[in-house]
Amino acid sequence: ADTASTKMAAAFTEEVQVERKLKANNSFLESEINNLVMDLYKAAGLRSLHRTLEAIYPVRLLEVTDGKAVLNRGEGAILAGDEFEVYSLGKTYVDPDTGEMLGQGESKVAVLKVVRVAPKFSEAEIVEGTDRLGGDLKGFLCRESAQSIGKKTQLEQSPIAW
């Protein structure tokens with residue numbers, strides 16, 4: 001939400017799953033159900049935070065050369081092994097009644113895998129789509145793949161005291 005204009009800047013839906021195996025008629029069942037609910041809240045919160053930051057400050061390409069790309073995020077935001085999908089920005093859509101910018105069309109053009117993380121930038125190898133990353137790099141944005149986000153936001157399974 002944009003607090004200055006009181007408008008929604010971005011919205012998203014996430015699916016969150018947490019697995020616990022419980023035995024019926026267990027004295028710890030009630031506490032384990034509470035733990036399950038707390039785990040769901042934690043997982044959903046981590047995913048929401050990640051998607052919100054991505055909407056406000058998308059990862060951008062700084063340079064593309066020789067099958068490698070440089071990204072504008074470094075330590076604390078990106079990890080070696082993270083995978084990003086690169087999108088080419090298309091037509092801007094504007095609401096005809098309000099004049100509000102609704103967003104831009106996007107086409108997935110490439111996939112990157114981070115190989116090195118520096119304090120303020122990262123280097124990635126272009127896994128697919130090398131030939132589609134050229135020209136003005138402002139016309140592209142990067143989004144971390146769902147699989148990569150899932151690895152970062154997955155909660156450790158805590159042991160159940162029987």
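Tutor: What follows looks at paired strands, and then at one residue in a helix. The model is predicted, so to speak of a local feature takes a pLDDT of at least 70, and side-chain atom pairs count only at pLDDT 80 or more, while totals for chains, interfaces and linings use all residues. Residues are numbered from 1 along each chain as its sequence is written, and side-chain values use heavy atoms, with hydrogens and water left out.

Strand S1 covers residues 61-65 and strand S2 covers residues 68-71, and the two run antiparallel, joined by four bridges; strands pair if DSSP finds at least two bridges between them, and a strand is a DSSP run of E with at least two residues, numbered from the N terminus. Within this pair, Val-64 faces Ala-69 of S2. The hairpin made by S1 and S2 has two residues between its strands, and Asp-66 there adopts a positive phi near 50°.

S2 also pairs with strand S5, residues 122-128, again in the antiparallel sense and over four bridges. Here Val-70 has Glu-123 in S5 as its bridge partner.

Turning to the helix, Ser-148 sits in H2, which spans residues 146-153, a helix being a DSSP run of H or I with at least four residues. Ser-148 counts as buried because its relative accessibility is 7%, where buried means under 20% relative accessible area, with a 1.4 Å probe and protein chains only. Leaving aside residues up to four places away in sequence, Ser-148 touches Asp-82 and Glu-83, contact meaning heavy atoms within 4.5 Å.

Conventions. Buried < 20%, exposed > 50% of the residue type's maximum accessible area, 1.4 Å probe, protein only.
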